[in-house]
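Me: I would like to go through some of the labels attached to this structure and see what each of them rests on. Please set each value against its definition.

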Amino acid sequence: MQFEVWAPQAGRVTLQCDGVTHAMERDQERPGWWSVEAAARDGSRYGFAPDGGEVLPDPRSRRQPDGPDGLSAVVDHGRYAWRTAARTDRPLPGALLYELHVGTYTREGTFDAAAARLEHLVELGVTHVELMPVCPFPGRHGWGYEGVSLWAVHEPYGGPEGLKRFVDRAHELGLGVVLDVVHNHLGPSGNHLPRFGPYFTDTHHTPWGAAVNLDAPGSDEVRDFLTGSALAWLRDYRIDGLRLDAVHALVDTRACHFLEELSTAVDALGADLGRPLFLVAESDLNDPRLIAPRAGGGLGLHAQWNDDFHHALHTAVTGESQGYYADFARAPLAAVAKTLTGGYFHDGTYSSFRGRRHGRPLDRAKVAGHRLLGYAQTHDQIGNRAQGDRLSTLPAVSPGLLACAATLTLTAPFTPMLFMGEEWAAGTPWQFFTDHTDPELARAVREGRRREFTAHGWKAEDVPDPQDPATRERSCLDWSEPDREPHARVLAWYRRLAALRRALPDLTDPDLAATRVAFDEEARWLAFRRGDVRVAVNLGREAAAIPLGGRPAKVLAAWEPVEAPGGDGVLRLPGTSCVVLAQS
């Protein structure tokens, strides 16, 4: 088979494959590339040695059996016998996503163990599983955002074959699979790319150091490297969509932005494969051009996470007002109302957290609601708290308030997303954990984490040690919880809301402008209309009288027993409760 590698700065490159060394030749048609033919098969171990130095793993390695620092292994994707059809139809509009971390969804922490629990998601009403990053990283356990080898699969999870079995099982059950990919940085350990070429540049800097090279000399090949990786997940593993981590950290000054190139390539692959593929960005820019069509001057991504909805909802439910919550907490129900009807809260308004104006308005006539993901909890919003505490474990948040948060998430005009365990009010935390094999790096991460939170008033001993295996163990879901109270009641509520969303076209109507909202900040209630569906939440402790108008209505789902409005059109909703109604 042919081996090739981009190493533009090398004077010579050798391939070591199954213990045999081969001199590589320059590719005369592709500057900087080296290639050679060598005997190999599935599983053959190999690596490249630029300028006669250390044998390094392939930058485009499909498998790292011994971790990021070991030799690469050949993967023959044709060997896997898929049980499901290659052509599937799992589009984003109408979807319900579920963010899942393979290493803590089950205590076993493998693709196969997670696949065995997928029927739970089908019963819940989920349409797509969103896997957190699965690229190789040092050690066994971690969040995945310090991954390297962007074409490979973390071996302790099950490697390439394990991921294929997971996707196959998900597709058998009618579930789509979305994969979280990280293009804005690589982990600090096991990253050998700089020894091959200018994959990074000091022209720009990010929170992780030198930026990925998207616009400096050599950036054509780096862009192709990232795009090729993205297409490989979609093609070789039959993934249905990608979540792009922190795209605001992708610094690119070229006339055609990398994200525009990526969306063009993904759309072309989707057309070639005959199935819908999509890209969902994480971005804090509040810039609608990100999800605007390329023909209209946008970057052509298909959707983005909407943190503004989360922040508004979080402050309304918890009363928290620290950090970036401050602007939302001044009038939390007004903030929720603004996001429900306009998408962004900061749409050119002043952000006290940033000390400047932020965002720009979203054109509701052009941007469909499904292009924004709405959520009450995510890995970031839980795990980046000092103790990784979920909404369900906060003293101020009762089961009734959890039900209200679920109702707003699952009936809003966005694509809803849940974080694993949220659906049953999991009592387990989701904490920041690592398994760095470098002692100095492990110490730096531990001390940095504690230093960050002691600056905000935490005692160092109260901040979990990321390197302690118990931190990961605490973060694993407890699958005995869904069968007992109060978890069972919360799970039943999520299932009911998901069923209503599936059954009522008004709840998947993408028209943001059609959503009408009323609220009373002092009385702490909010109600909104989507077609003939009315949704009301009462976040206060006292019963609320909520005017819904004179049209007859029937109760479709209620957290606490409630009567439909009488002739006066007033709904009398108990405290910390919620209801979904249909008007005729």
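Me: In which strand is Val178 found?

Reply: Val178 is found in strand E10, residues 176-181, where helices (H or I, at least four residues) and strands (E, at least two) are DSSP runs numbered from the N terminus. This is a predicted model, in which local features need pLDDT of at least 70 and side-chain atom pairs count only at pLDDT 80 or more, while totals for chains, interfaces and linings use all residues. Residues are numbered from 1 along each chain as its sequence is written, and side-chain values use heavy atoms, with hydrogens and water left out.

Me: Why is Val178 called buried?

Reply: Buried means under 20% relative accessible area, exposed over 50%, and partly exposed in between, with a 1.4 Å probe and protein chains only; Val178 has 0%, and is therefore buried. Leaving aside neighbours within four places in sequence, Val178 is in contact (heavy atoms within 4.5 Å) with residues including His128, Leu131, Ile239 and Phe278.

Me: What makes Leu71 partly exposed?

Reply: The relative accessible area of Leu71 is 26%, so this residue counts as partly exposed. Leu71 lies in the loop between strand E6 (45-50) and strand E7 (72-73), and the C-alpha atoms of Leu71 and Val55, 16 residues apart along the chain, are separated by 7.8 Å.

Me: How do you know that Asp236 counts as buried, and which side chain makes a polar contact with the side chain of Asp236?

Reply: Asp236, whose place is in helix H5 (residues 219-236), has a relative accessibility of 16% and therefore counts as buried. Its side chain makes a polar contact with the side chain of Arg235 at 3.1 Å; the term asks for a pair of N or O atoms within 3.5 Å, where within protein one must be able to donate a hydrogen and the other to accept it, and residues adjacent in sequence count only if both atoms are side-chain atoms.

Me: Why are H11 and H14 called roughly parallel?

Reply: Helix H11 (residues 399-411) and helix H14 (residues 487-503) pack at an angle of about 20°, with their axes 10 Å apart. Angles under 35 degrees count as roughly parallel, over 145 as roughly antiparallel, 65 to 115 as roughly perpendicular and the rest as oblique, so H11 and H14 are roughly parallel to each other. Axes here are lines fitted to C-alpha atoms, for helices over the stretch in contact, and angles run from 0 to 180 degrees between N-to-C directions. The contact is made by Ala403, Ala406, Thr407 and Leu410 of H11 and by Trp493, Tyr494, Leu497 and Arg501 of H14.
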